[in-house]
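Please read the points below with the model open beside you, and check each one against what you see.

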Amino acid sequence: MVVKLRLSRFGCKNKPFYRVMAADSRSPRDGKHLEVLGYYNPLPGQDGGKRMGLNFDRVKYWLSVGAQPSDPVQRLLFRAGVLPPPPMLAMGRKGGPRDTRPVDPMTGRYVTSEKPTPSDQSNDGGEDPATL
């Protein structure tokens, strides 16, 4: 039995509310589940209520026994600090070659290991002080 951590939809039409569930991968989205691990509210109320609540101990347990999080749950767990950031690649132009440089998920900028060397920096005036 393959266990997945995924969202189960509750709420009304145009007002979704999700529960984070541990469920068998063969069961339907809103069907039988093994355990409720938390909730996620994409539309908090006027008072700015909590958007997400997770039972971290149980989530870590399910991950340790081999449960696979779905993509939305993986993003939620990254925001909560349970999982490392998922690998992201920058998309190229439509139909063109893809850019495979890694992207920092927090800033959206390319990750580079190049650092400027001190020899590249010149003096204030740009002239050699010995020739003055």
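1. Asp24 counts as buried in this predicted model, because its relative accessibility is 15% and the cut-off for buried is under 20%. Its side chain meets that of Arg26 in a salt bridge, with a distance of 3.1 Å from N to O, although Arg26 itself is exposed, having a relative accessible area of 66%.

2. A search of the whole structure finds two salt bridges, and the other pair is Glu35 with Arg58, whose closest N and O atoms are 2.9 Å apart. Since Glu35 belongs to strand β3 and Arg58 to helix α1, this pair ties together parts that are 23 residues apart in sequence. Glu35 counts as buried at 19% relative accessibility, while Arg58, with a relative accessible area of 29%, is partly exposed.

3. In what order do the five strands form the open sheet? The order is β4-β3-β2-β1-β5, and the pairing is mixed. Strands β4 (52–54) and β5 (68–69) stand at the edges with a single partner strand each, so one side of each has no neighbour in the sheet.

4. Within the sheet, strand β2 (residues 15–24) and strand β3 (residues 35–40) run antiparallel and are joined by five bridges; Val20, for example, has Gly38 in β3 as its bridge partner.

5. Helix α1 (residues 56–64) packs on the sheet, where it touches β1 (3–12), β2, β3, β4 and β5, and its direction makes about 120° with that of β3. Helix α2 (residues 71–80) lies across β1, β2, β3, β4 and β5, running at about 95° to β1.

How values were computed:
Residues are numbered from 1 along each chain as its sequence is written. This is a predicted model: local features need pLDDT of at least 70, side-chain atom pairs count only at pLDDT 80 or more; totals for chains, interfaces and linings use all residues. Side-chain values use heavy atoms; hydrogens and water are left out. Two strands pair if DSSP finds at least two bridges between them. Helices (H or I, at least four residues) and strands (E, at least two) are DSSP runs, numbered from the N terminus. Contact means heavy atoms within 4.5 Å. Axes are lines fitted to C-alpha atoms, for helices over the stretch in contact, and angles run from 0 to 180 degrees between N-to-C directions. A salt bridge is a side-chain nitrogen of Lys or Arg within 4 Å of a carboxyl oxygen of Asp or Glu. Buried means under 20% relative accessible area, exposed over 50%, partly exposed in between (1.4 Å probe, protein chains only).
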